[in-house]
Amino acid sequence: MCIRDRQALLNLGDSACDQADFSTGQQRYNAAHSIFERLGDQQMLAVVQARLGQLLLLSGDAASALGPYRQCLMLSNALGFQPGIADGLEGIASCMALLQPMTAAKLLAAAAALRENISLPISLVEQARHQHLLSVVQDKLGTVAWASAWQQGLGLELAQAMSLALTLA
């Protein structure tokens with residue numbers, strides 16, 4: 001299956017989520033998961049987990065979103081799939097933004113450092129949502145605490161950031 005076909009499977013779920021049709025989105029992501037599992041495509045399984053996490057988060061179920069984001073992070077780490085690691089860190093941070101904003105800021109900073117290191121910017125589609133997340137966490141912490149947490153997160157080794165994220169999930 002070519003990359004374009006794989007992306008098309010995910011786009012069907014994304015389209016449903018964009019329309020707040022979370023039931024259809026979940027069905028489409030689950031179908032994609034089954035196909036990628038049969039193909040043995042571990043990277044795409046990690047991507048689907050991140051999308052399932054995002055779907056649950058958007059539908060208001062941050063607690064349940066932690067599971068798929070955790071799976072994305074663990075699988076991506078096992079594969080050395082750095083884009084998936086960034087997605088997993090950001091997803092877990094999103095789930096924890098209101099409950100543990102200091103930790104969320106550290107994870108977001110660690111993910112930002114990873115993205116910079118591998119030259120992988122936030123996609124255009126996700127930029128507004130990501131900026132909103134950053135604003136929510138910064139507002140929750142205040143300027144001084146935000147700056148401190150961000151610097152701490154930038155200083156984390158990737159293994160430390162993942163360990164921090166997985167203790168939350």
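## Exercises on helix packing and a pocket

The axes of α4 and α5 come within 8 Å of each other and cross at roughly 160°. This is a predicted model, in which local features need pLDDT of at least 70, side-chain atom pairs count only at pLDDT 80 or more, and totals for chains, interfaces and linings use all residues. Residues are numbered from 1 along each chain as its sequence is written, and side-chain values use heavy atoms, with hydrogens and water left out.

**Exercise 1.** Classify the crossing of α4 and α5, and state which residues meet.

*Solution.* 
Step 1. Helices are DSSP runs (H or I, at least four residues), numbered from the N terminus. Axes are lines fitted to C-alpha atoms over the stretch in contact, and angles run from 0 to 180 degrees between N-to-C directions.
Step 2. Angles under 35 degrees count as roughly parallel, over 145 as roughly antiparallel, 65 to 115 as roughly perpendicular and the rest as oblique. α4 and α5 are therefore roughly antiparallel.
Step 3. The crossing of α4 and α5 is left-handed (the near helix is turned anticlockwise from the far one by less than a right angle; clockwise would be right-handed).
Step 4. Contact means heavy atoms within 4.5 Å. In α4, the residues that meet α5 include Ala 62, Leu 66, Tyr 69 and Leu 73; their partners in α5 include Gly 84, Gly 88, Leu 89 and Ile 92.
Step 5. This contact has 11 nonpolar, five polar and two charged residues. Here Ala, Val, Leu, Ile, Met, Phe, Trp, Tyr, Cys and Pro count as nonpolar, Asp, Glu, Lys and Arg as charged, and the others, Gly among them, as polar.

**Exercise 2.** Are α6 and α8 antiparallel or oblique to each other?

*Solution.* 
Step 1. The axes of α6 and α8 (residues 143-154) come within 7 Å and cross at roughly 45°.
Step 2. The two helices are therefore oblique, and α6 passes α8 in a right-handed crossing.
Step 3. Among the residues that meet are Met 102, Lys 106 and Leu 108 in α6, and Trp 146, Trp 150 and Gln 152 in α8.
Step 4. The contact divides into 12 nonpolar, two polar and one charged.

**Exercise 3.** Describe the largest pocket and its lining.

*Solution.* 
Step 1. On a 1 Å grid over the protein atoms alone, a cavity is a set of points where a 1.4 Å probe fits but cannot get out; a pocket is an open set with protein on both sides within 12 Å along at least five of seven lines, and lining residues have an atom within 4 Å of a point.
Step 2. The volume is about 1200 Å³ (the space filled by probe spheres set on the points, with grid points joined across faces, edges and corners).
Step 3. The lining has 42 residues, and Arg 51, Gln 54, Asp 87, Ser 123 and Glu 126 lie nearest the centre.
Step 4. α1, α3, α4, α5 and α7 each give two or more residues to this lining, and α3 gives the most, with nine.
Step 5. By class, 23 lining residues are nonpolar, 10 polar and nine charged.
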